[in-house]
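Subject: Structure for your review

Dear colleague,

Please find below the structure that I am handing over to you. My notes on what was found in it follow directly after.

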Amino acid sequence: MLNYLEIFSRKLTELKDSGTYRYFLNLNKSAQHFPVFYFENAYGEKHRAINFCSNDYLAMSVQEEVISKLSYVSNRAGVGSGGTRNISGSTIHHRELEIVIASLHHKKEALLFGSAYLANLTALSVIGKILTDVVFISDEYNHASIIEGIKASGAEKKLFKHNDLASIEAILQSIPIDQPKVIVFESVYSMSGTIAPILEIVLLAKKYNALTYIDEVHAVGVYGNSGGGLTEELGIQNGIDIINGTLAKGFGVFGGYIAGDAIFVDTIRSLGAGFIFTTSLPPAICAAAIRSIEYLRNDRIIRPKYHQKISRLRELLAVNNIPFVTNCTHITPIPIGDEKSCKEISDILLYQHGIYIQPIVFPTVNKGAACLRVTISIKHQEEHFQLLVNALKQVLVVPTKKQKRNFI
């Protein structure tokens, strides 16, 4: 007889043997001590560590005003919405948040989702079904949510080389000018930290009559004069047709969204299964997100201060000859290569040095391109950087004949 459990077990063994099995660390997060947290090892022993891989870049998840707003609205509106948006789950807080998001991105309308992943999946699938002969022109390094959204649409997809304008234009030239086409890309690529040539892509889209769809997930809150992302920083929000963003990283709360022309957004709202059939965000989460966005729109000091801290960290890494990938963003990848070595390094850093950096392995990155993705928060201090650098100096050693590990 067919043994179903054995088939699944073999797959899990294969993942573990290849170094791509995903292990979760159960953190006891502390709003008072962030980025320091606490955890228990396999023997139940309690430990303290510093988080160097959180996406809570500006520490808004522990910001007192945001927490107070969430608590206040929870006490009055309850902890859940109780339904989908079209069946009692659309509150004044949901609508206000959509208005605030639309204003942030200089768009007519916005639409909330349970996550930015779901927003991409739903929006792209609807676009592909409405524009029946559309061609999606997609960066080869686009996020899994974009890949799945285009796949769900059933539409044709053409990949262009990462951030390669010549590659994009060659594809555009191969498609009739009156055939629908959408250029889909990210502003900040979360694993490499590279930045898309946004302005140049917008100009190509206008030249060849294409729509533009940008994922600003790792840029909102962190870039722009008021936290509107790189499109705001470049002053070209009006040149982008649809913007995808998150409330869970730079804004520190939860949920995702799209923003764009009212016709685009209303069509996705009306036809997107990932929106229609999903229970809406809790009202208090919406209220907290509004407070976070407003806070970051008014605070013009926090972003420059954050980027200064990133520069300081990289200065220390360079002085201590610790290899890292140079880029213009807040993401600092430290290349390792081998998946098993990457996991071993991560474990040593955590259990021996109190430094938490989750290993990034396939399929998040290509096979053999495993790395430690370092992301700091506004609350990291000089002492934290020194502890990180000292730990990396001990672990990332150039091997000698007597050493078994070969980490760099």
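A residue is called buried when its relative accessible area is under 20%, exposed when the area is over 50%, and partly exposed in between, using a 1.4 Å probe and protein chains only. By that rule, glutamate 294 counts as partly exposed because its relative accessibility is 31%.

Please note that this is a predicted model, in which local features need pLDDT of at least 70 and side-chain atom pairs count only at pLDDT 80 or more, while totals for chains, interfaces and linings use all residues. Residues are numbered from 1 along each chain as its sequence is written, and side-chain values use heavy atoms, with hydrogens and water left out.

Salt bridges

A salt bridge is a side-chain nitrogen of Lys or Arg within 4 Å of a carboxyl oxygen of Asp or Glu. The structure holds 15 of them.

Glutamate 294 forms a salt bridge with arginine 291, with 3.9 Å between the closest N and O atoms. Both residues belong to helix α11 (residues 283-298), where they lie 3 residues apart, about one turn of the helix. Arginine 291 is also partly exposed, at a relative accessible area of 22%.

Two further salt bridges lie within helices:

- In helix α13 (residues 339-353), aspartate 347 and lysine 343 are 4 residues apart, about one turn. Their side chains meet at 2.7 Å, N to O. Aspartate 347 is partly exposed at 28%, and lysine 343 is partly exposed at 22%.
- In helix α1 (residues 4-18), arginine 10 and glutamate 6 are 4 residues apart and thus separated by about one helical turn. The closest N and O atoms of this salt bridge are 3.1 Å apart. Glutamate 6 is partly exposed, with a relative accessible area of 41%.

Why does such spacing matter in a helix? An α-helix has 3.6 residues a turn, so residues three or four places apart point the same way.

Elsewhere, Arg85, Arg95, Glu98 and Glu109 are linked in a network of salt bridges.

A buried glutamate

An enclosed helix

Helix α4 (residues 116-130) has 15 residues and reaches 21 Å from its first C-alpha to its last, close to the 21 Å expected at 1.5 Å a residue. The expected span is 1.5 Å times one less than the number of residues. Because 11 of the 15 residues of α4 are buried, the helix is largely enclosed by the rest of the structure. Among the buried residues are Leu118, Asn120, Val126 and Ile127.

The sheets

Two strands pair if DSSP finds at least two bridges between them.

Strands β2 (residues 36-40) and β3 (residues 46-51) run antiparallel and are joined by 5 bridges. Phenylalanine 37 stands opposite alanine 49 in β3, and glutamate 40 stands opposite lysine 46. The two strands form a hairpin with 5 residues between them, and glycine 44 in the turn has a positive phi of about 80°. By contrast, β3 and β12 pair in the parallel sense over 2 bridges.

Another open sheet has 3 strands in the order β11-β14-β13, with antiparallel pairing. Strand β13 is joined to β14 (residues 370-374) by 2 bridges, and proline 359 has leucine 372 in β14 as its bridge partner.

Yours sincerely,
A colleague
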